[in-house]
Amino acid sequence: VQTCALPILTIVNDISDFYKISVGQVELDLKPININDIVQDAYKLYSDDINIKNLSFEYKIDKNITGDIITDRKRLTQIIVNLLSNAVSNTIRGDIIINIKINEDKTTKWQNKMNHLQIDDCKDVFIEFEIKDTGIGITREKLEAIKHDLNDMTDDMTINPNVGRGLGLSISGLLVKVLGGEMNIESMIDVGTLVSFNIKTQLSDNVNNLIDIINSVVEDFKQ
């Protein structure tokens, strides 16, 4: 029942977040989460449509991503559900593939920046998500409008919800930015679409260390 209600809840969250982002009231609930669980839940929402269309679906998670990551579960779920919904809706035959990996280049540049600012022992990593489909694709004009919309997201988080593939994609782009990352889209008519985004997070080992530190501080305070 909870999984079946997720699409409606996602739409409600999209509308709610559109307002909150517009007025600068977005709050993140950062906790350890399991990426595999989120992708599985998203797949269950659209498994019937995928099977009816006889589409091939697979997802791959980098072996270097072990255990949990720390991020906002609700917001990451919204992003993946929105993007998977677009992929399923626009794919008549073929494949939908989700790849999840560590963006080594972006992670290295970020850590070098932190070291330059004398912020030692930075544990942040960037996780890259790719949702690829063999769907109908997007026209050049529409793709340029989508990219313009994503690139035009200013620091005050303003968007135009009427361009691109609708409010869900616009909100997803903003939520990616809220989670410390960026979104990009590539597409060709009758070939398919690749949507990629990254978020700034920490891996489970670092998360556990952080939790241990917090617990230690709490215990010292109690004494």
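The second largest pocket holds about 200 Å³ of space. A pocket here is an open set of points on a 1 Å grid over the protein atoms alone, where a 1.4 Å probe fits, with protein on both sides within 12 Å along at least five of seven lines. Points are joined across faces, edges and corners, and the volume is the space filled by probe spheres set on them.

This is a predicted model, where local features need pLDDT of at least 70 and side-chain atom pairs pLDDT 80 or more, while totals for chains, interfaces and linings use all residues. Residues are numbered from 1 along each chain as its sequence is written, and side-chain values use heavy atoms, without hydrogens or water.

Next, I127. Leaving aside neighbours within four places in sequence, I127 is in contact (heavy atoms within 4.5 Å) with residues including I35, I65, I100, F197 and L203.

Last, G180. This residue lies in the loop between α6 and β6; helices are DSSP runs of H or I, at least four residues. G180 is partly exposed, at 33% relative accessible area, that is, between 20% and 50% with a 1.4 Å probe, protein chains only. Not counting residues up to four places away, G180 touches F126 and K200.

Terms used: On a 1 Å grid over the protein atoms alone, a cavity is a set of points where a 1.4 Å probe fits but cannot get out, and a pocket is an open set with protein on both sides within 12 Å along at least five of seven lines; lining residues have an atom within 4 Å of a point. Helices (H or I, at least four residues) and strands (E, at least two) are DSSP runs, numbered from the N terminus.
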